[in-house]
Amino acid sequence: MALDLKEMFSDFKNGLWAENPIIRLVIGMCPTLAVTNTTENGLAMGLATSFVLISSEIVISLIKKLIPANVRIPSYILIIATFVTFVDYFLKAFYPGIAESLSIFVPLIVVNCLILGRQEAFASQHSTPRAIADGVGMGLGFTWVLVLLGAIREFFGMGSIFGLTLLGEWYRPMVIMVLPAGAFITLGILVGIMNYISREGK
Amino acid sequence: MEEFTQILLLFISTVLINNFILVRFLGICPFLGVSKQVETAFSMGLATTFVMTLTAAATWLINTFILEALNLPFLQYVSFIIVIASLVQFVEMFIKKTSPVLYKALGIFLPLITTNCAILGLALLIPLNGYSFIASVVFGFGAGVGFTLAIVLMAGLREKLEFGDVPGVLKGVPVTLIIAGIMAMAFMGFSGLISM
Amino acid sequence: MEKNSKKAMIITLATIGIISALLLSFVYEWTTPYIQANQAQKQKQAINEVLPGVVEVKKVEKNGNIFYEGYDANGNRVGVAFTSTGGGYNGVIEVMIGVNLEQNQIYKISILNHQETPGLGARITGKEFKSNFNNQPFGNYNVVKTPPSKEMQVQAIAGATISSESVTEIIESGLDKVTSAYGGGN
């Protein structure tokens, strides 16, 4: 099986912008809103999700021929849940602080529509190398939006980014930004801006 | 009596104060996807409430009598998701056989519910909060009612919004998110209602 | 054909399930020591935070509750630390309390676990709020909204009165626990 690098690159690029899971496909919204109160949480969530996405895409693209079509979805969910449990225990053991602040949103990666969606739409129909390219692209596309959202909310809500205080004592943090309401509004405006940018590009 | 008050408070706080969608961010996908019309939103809410109540009972039993009894905490996520998927399947078959009318109303929403993170979130929150069996069921039912309330309110607003003059780039998802933000702010007003 | 595919379905799901359970049991075995060490570390840090100048900690059980007695370099008991839990605004809050039983006073408190709202209720973990309880005598506290002017007053976090009250109640019930276990209260 020859590796088509050009094809792989376009699979990879796809997730970054054209089919970005959050801003274009609008999936995986729960973690996007819930854990982006700080930049660090956004990054951690993005990486954890990417890991599960890439690992499941690898396994599923490898065994796709062995799975009968009518138990496809349950099989995928089982595989995803296994990887998620792994990530959860790994974080609890080695990054307890992060595990605590993400709390139940680590296990909820199981039902992130992004992951199941990519298995169904991509991994089950393409070769393993292309599935990896897709997983990395989608994972990065998911992560950068989470980091950006986390940075905006942390900057306005606490005057800092990655925990580093950027604004001095004079700044009165807009607490609303780290609360649920701020999450919805920031993401709404962000998606609006992205729509504007991609419309201008055409 | 004391216990009854506790349960009632738990119900109210689950519906209003810790609303699954607007405060806990669980179940955002259907909240954005199935909130265009009040009628469909209500059916979705009904189906979700039904599955949530059953899930709360089933996962409490499994967690207490199987996972904790046999010390298998690492199978929690895998077994919960299997329980939810089979439960949804079972409910679908049951409704199909017993009530074609109800099936027509709820049928298309049921498969969507498996990947609704509000359901798995509910299952995970129960052991975390250490609820009793009855409290779990009330928690599940309250979560469903809160979900229905939020999604129906949103659908009502979106129906009106059809006639509003929304800037092109904000149409659809962005404006829905911004409205959700304002709703979340309004729901914050409930926070002083009860101190647990 | 129908029968075969059903068999294939069951075999596939069972195989995936068994492999997954096996792998996860290894992961569980591997990570459990680390997770337990993290929790022990966290508890130890909290004990050192709430009891000043302690070099040795002894774990004792009284009335079914666990207490950590802290001793200084000369072997004198400095105080007792213990955890107390209760409901907060979003979920369970667990507080570590360090007390001086000779003077019926709190040394300090530390928040072990909570699920309060970031930016609001989560500020119960901040120094500003925790220091409300430093050197307070045992008893019932009043949660006030202005800076405390006398003993037994606790200043609530702005916008998070419920979280502040919850912590105060958790501490009060914890103090009852320790005084009944050690027969204090005088």
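1. Helices (H or I, at least four residues) and strands (E, at least two) are DSSP runs, numbered from the N terminus. Over residues 41-62 of chain B, the chain is 100% helix and 0% strand. The end C-alpha atoms of that stretch lie 31 Å apart.

2. This is a predicted model: local features need pLDDT of at least 70, side-chain atom pairs count only at pLDDT 80 or more, and totals for chains, interfaces and linings use all residues. Residues are numbered from 1 along each chain as its sequence is written, chains are lettered from A and ligands numbered from 1 in the order in which they are written, and side-chain values use heavy atoms, without hydrogens and water.

3. The unreviewed UniProt entry annotates "transmembrane region" over several stretches, including 41-62 and 74-95. Such annotations may be inferred rather than shown by experiment. Residues 74-95 of chain B are 91% helix and 0% strand, with end C-alpha atoms 33 Å apart.

4. Chain C holds an open sheet of 5 strands, in the order S1-S2-S3-S4-S5, with antiparallel pairing. Two strands pair if DSSP finds at least two bridges between them. Strands S1 (56-62) and S5 (105-113) of chain C are the edges, each pairing on one side only.

5. Look at S2(C). S1(C) and S2(C) pair over 7 bridges, and S2(C) and S3(C) over 4 bridges. Tyr68(C) stands opposite Lys59(C) and opposite Ala81(C) in S3(C).

6. What phi does Asn63(C) take in the hairpin of S1(C) and S2(C)? Its phi is positive, near 50°. The hairpin has 2 residues between the strands.
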